[in-house]
Amino acid sequence: MKERKIRVMGNIDPAFVQSAEHRPKAKVVEPNEIPVIDLSEVRDELSLISEIGKACEEWGFFQVINHGIPFEIGKEVEIEAKKFFELGLEEKRRVKRDEFNAMGYHDGEHTKNVRDWKEVYDYLVEDNAQVPSSHEPDDKNLRILTNQWPQHSLHFREIMEEYAREVEKLAYKLLGLILLSLGLAADKFNGCFKNQLSMLRLNYYPPCPFPDLALGVGRHKDSSALTVLAQDDVGGLQVKRKSDGEWIPVKPTPNAFIINVGDIVQVWSNDKYESVEHRVVVNTTKERFSVPFFFFPAHHVTVKPAEELVNEQNPAKFGGYNYGKFFANRNRSDFKKRDVENIQIQHFRILD
Ligand SMILES: O=C(O)CCC(=O)C(=O)O
Ligand SMILES: [Fe+2]
């Protein structure tokens, strides 16, 4: 009743409203089908690699358990994230992101030009990373991205940096296993992550009076090599099932991480593993927290299919692209609605 009244009053900011085809449906109660993979040290490596390969091919998403990251660290990150988002807007805006420094707090992000129902705080794994000054192909200038730490608590920075180191280790391990499953050397692309642009994002989704009109994050694919996501027990993440395009919820699993193939692994694998669309639905009563780690290479890296996977029968499906320019191009749409679609790896696809 209350919700209806608000809607009649029409006070949802139209910037949040998804077009009818992208609004979440009320139903969706599906069993949890996303594979859960046990990373225990004692496992037989060949069976682990084949399980990971299968999950990447069929879903582009899987969860991992027994991953070696202590539960307490994740819990502390959640507590500190909560404290941060509870601060007053004025305090949070002291570490505000803008078009020049993409690190820090932001409450107006757009995905596919519709505003997301969320607040975020972003920080780099390696502080002071170089990125191109602009997306313009001929502009060779670089600039530096710098972390902005809030001043309300010293522990915030300590725990976020500790967590970043732990998740980075897990990301290297998972990338190695994914590459082995493609028949490539586990460390083939490790050099791409020297001076990496990897970042962590604290996502806060407040309760939303219009969960049928808005999304926490609109449908998108991650531009990372892979993403390692921690979520709390509320739920809301949905994955587009490859077999039929249905939106499938990822059920929160205690002390698990959700892993998804990003655009870069799609290109490296020459389309064998696809970067799958996902989105976040919100609800009227519960706030939700999640923390993705986006495993991004250095700005100078050219992303192109692995030469071992390309031959006459299976020609390269993508031309190479410069990761830094891609990053700069994507950041342009974070702050305002643009008239054109964001840059996608599809723009580098070689058409046959
Ligand atoms: O909050 C989530 O579960 C996922 C967020 C996400 O997909 C993203 O930030 O790229
Ligand atoms: Fe995502």
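The following paragraphs describe a predicted model of a protein chain with a ligand.

Residues are numbered from 1 along each chain as its sequence is written, and chains are lettered from A and ligands numbered from 1 in the order in which they are written. Because the model is predicted, local features are reported only at a pLDDT of at least 70 and side-chain atom pairs only at pLDDT 80 or more, while totals for chains, interfaces and linings use all residues.

The confidence of the prediction is given by pLDDT, the predictor's confidence in each residue, from 0 to 100. The protein chain has an average pLDDT of 91, and 92% of the residues score at least 70. Over residues 1-9 the value stays under 50, and for this stretch the model has four contacts beyond four places in sequence; two residues are in contact if their C-beta atoms, placed from the backbone, lie within 7 Å. The scores of the model are ipTM 0.99 and pTM 0.92.

Helices (H or I, at least four residues) and strands (E, at least two) are DSSP runs, numbered from the N terminus. For residues 195-297, an unreviewed UniProt entry lists "domain: Fe2OG dioxygenase". UniProt positions are given in the numbering used here, feature names are shortened, and annotations may be inferred rather than shown by experiment. The span 195-297 is 6% helix and 38% strand, and its end C-alpha atoms lie 8 Å apart.

Burial is assigned from the number of other C-beta atoms, placed from the backbone, within 10 Å of a residue's own: 20 or more make it buried, 12 or fewer exposed, and values in between partly exposed. Thr227 is buried because 24 other C-beta atoms lie within 10 Å. Residues up to four places away in sequence aside, Thr227 touches Asp222, Asn260, Gly262, Pro292, Phe293, Phe294 and Phe295. Between the C-alpha atoms of Thr227 and Asn141, 86 residues apart in sequence, the distance is 28 Å.

Helix H5 (residues 154-181) comprises 28 residues and reaches 41 Å from its first C-alpha to its last, close to the expected 40 Å. The expected span is 1.5 Å times one less than the number of residues. Among the buried residues of H5 are Phe156, Ile159, Met160, Tyr163 and Val167. Just after H5, Gly183 adopts a positive phi of about 80°. In helix H7 (residues 323-331), the buried residues are Tyr323, Gly324, Phe326, Phe327, Ala328 and Asn329. Strand S7 (129-132), strand S17 (302-303) and strand S18 (321-322) are included in what covers these residues of H7.

Positive phi values also occur in residues other than glycine, including Lys112, with phi near 50°, and Asn128, with phi near 60°. Lys112 is located in the loop between strand S4 (110-111) and strand S5 (114-115), and is partly exposed because it has 19 C-beta neighbours inside 10 Å. Asn128 occupies the loop between strand S6 (119-124) and S7; with 10 other C-beta atoms within 10 Å, Asn128 is therefore exposed.

Helix H3 (residues 71-86) includes Glu72, which counts as exposed because it has 8 C-beta neighbours inside 10 Å. Although Glu72 and Asn255 are 183 residues apart along the chain, their C-alpha atoms are separated by 9.8 Å. Leu87 lies in the loop between H3 and helix H4 (89-92) and is partly exposed, with 16 other C-beta atoms within 10 Å. Not counting residues up to four places away in sequence, Leu87 touches Lys92 and His152. In the loop between S17 and S18 is Glu308, which is exposed, with 12 C-beta neighbours inside 10 Å. The C-alpha atoms of Glu308 and Arg94 are separated by 48 Å.
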